[in-house]
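Please look through the sequence and the structure shown here before reading the notes that follow. They are grouped by topic.

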Amino acid sequence: MSQAAVVYWSGTGHTEAMAQAVAAAAQADLFTAAEFDADKAAHYAAIAFGCPSMGAEQLEESEFEPMFEAVKPALAGKKIALFGSYGWGDGEWMREWESRMLDAGANVLNREGLICHETPDDDALEDCRSLGKQLASL
């Protein structure tokens, strides 16, 4: 088992592509939101969470948000990275998500998160790989 996990939800494949790039660079265990829970969170020193902006700039509500709320108490003191894609807005969902992580006592590695508009291009995927390398170095 790796020291790091990457956990994501993706509806279009954009955030999944980002998650795969982060996980590969970090040599991290990769999970969908449906596969992850608080028991698993307890086994990792660092976790990268990926979720796109949905609706009025919020996390996906039916699968990701419930998982995230369930694991949030286990994240205090852990090193956390946040990433996701968006189709509109200005990144409000990421700022809110970061605030929630800080309130939970997590150590957020990448302040303001890693976001990309729609399909991640080469630059965005390189940013994902850099984030993965940062996660692996912890």
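Is Glu69 buried, partly exposed or exposed, judged by its relative accessibility? In this predicted model, Glu69 has a relative accessibility of 35% and therefore counts as partly exposed.

**Salt bridges**

- The structure holds 5 salt bridges, and one of them links Glu69 to Lys72, with the closest N and O atoms 3.3 Å apart.
- Glu69 also meets the side chain of Arg100 in a salt bridge of 2.3 Å, N to O; since Arg100 lies in helix α4 and Glu69 in helix α3, this pair ties together parts that are 31 residues apart in sequence.
- Through salt bridges that share partners, Glu65, Glu69, Lys72 and Arg100 are joined into one network.
- Glu65 forms a salt bridge with Arg100, in which the closest N and O atoms are 2.6 Å apart; because Glu65 lies in helix α3 (residues 64-71) and Arg100 in helix α4 (residues 92-103), the pair ties together parts that are 35 residues apart in sequence.
- Arg100 counts as buried because its relative accessibility is 16%.

**Strands**

- Strand β4 (residues 79-86) pairs with β6 in the parallel sense over 4 bridges, and Tyr86 stands opposite His117 in β6.

**Charged surface**

- Asp121, Asp122, Asp123 and Asp127 form a negative surface patch.
- Of these residues, Asp122 lies in helix α5 (residues 122-136) and counts as exposed, because its relative accessibility is 63%.

How values were computed: Residues are numbered from 1 along each chain as its sequence is written. This is a predicted model: local features need pLDDT of at least 70, side-chain atom pairs count only at pLDDT 80 or more; totals for chains, interfaces and linings use all residues. Side-chain values use heavy atoms; hydrogens and water are left out. Patches are made of residues with over 30% relative accessible area and no salt bridge: like charges are joined within 9 Å, nonpolar side chains (Val, Leu, Ile, Met, Phe, Trp, Tyr) within 5 Å. Accessible areas come from the Shrake-Rupley method with a 1.4 Å probe; for residues, only the protein chains shown count as cover. A salt bridge is a side-chain nitrogen of Lys or Arg within 4 Å of a carboxyl oxygen of Asp or Glu. Lys and Arg count as positive and Asp and Glu as negative; His and the chain ends are not counted. The place of a charge is taken as NZ of Lys, CZ of Arg, CG of Asp or CD of Glu. Helices (H or I, at least four residues) and strands (E, at least two) are DSSP runs, numbered from the N terminus. Buried means under 20% relative accessible area, exposed over 50%, partly exposed in between (1.4 Å probe, protein chains only). Two strands pair if DSSP finds at least two bridges between them.
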